[in-house]
Amino acid sequence: TDEEVLEKLARDHNADLILGTHTGIHWHRELSGGKRFVNVGVLGRPENDGHTNVWYALLRTGMDADGNAPASLRYSVDFIPLEYDYIRLAQEMRDERLPEPFIETILTGWWTTCLEVLPARERGRGRY
């Protein structure tokens with residue numbers, strides 16, 4: 001995502017921290033003025049890196065967060081990999097007659113669909 005778009009979102013919504021979801025790949029970006037945009041990933045799809053785990057984000061605020069800022073302004077984000085029974089999920093998907101490319105993504109950790117939404121760098125590191 002273009003940094004100008006992220007800066008505009010933070011400015012338009014007077015937000016110090018914005019969390020984006022359901023996009024498949026986790027990342028975070030520092031913005032001007034100490035603001036931050038965090039893309040938390042998605043639990044339902046591996047990250048297009050050949051690994052079958054998925055990711056979630058853990059947001060800590062106030063006294064639970066790291067840092068020297070006042071507790072009212074403090075936050076930290078950790079990205080946590082989650083291993084799960086992906087073989088079982090693939091079988092459940094087959095039982096529901098979902099398209100085979102979706103199942104292949106679960107089994108291999110490589111995206112087979114929606115590649116057009118990835119930046120060229122991310123597409124280039126994938127299998128397809």
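Tutor: Before we start, a salt bridge here is a side-chain nitrogen of Lys or Arg within 4 Å of a carboxyl oxygen of Asp or Glu. We're looking at a predicted model, where local features need pLDDT of at least 70, side-chain atom pairs count only at pLDDT 80 or more, and totals for chains, interfaces and linings use all residues. Residues are numbered from 1 along each chain as its sequence is written, and side-chain values use heavy atoms, leaving out hydrogens and water.

Student: How many salt bridges does a search of the whole structure find?

Tutor: The pair Arg-36 and Glu-30 is a salt bridge, with the closest N and O atoms 3.1 Å apart. Searching the whole structure gives a total of 7.

Student: Is Glu-47 buried or exposed?

Tutor: Glu-47 forms a salt bridge with Arg-125, closest N and O atoms 3.8 Å apart. That pair links distant parts of the chain, 78 residues apart: Glu-47 is in the loop between strand E3 (36-39) and strand E4 (54-61), and Arg-125 is in helix H4 (residues 120-125). Buried means under 20% relative accessible area, exposed over 50%, and partly exposed in between (1.4 Å probe, protein chains only). Glu-47 has a relative accessible area of 7%, so Glu-47 is buried.

How values were computed. Helices (H or I, at least four residues) and strands (E, at least two) are DSSP runs, numbered from the N terminus.
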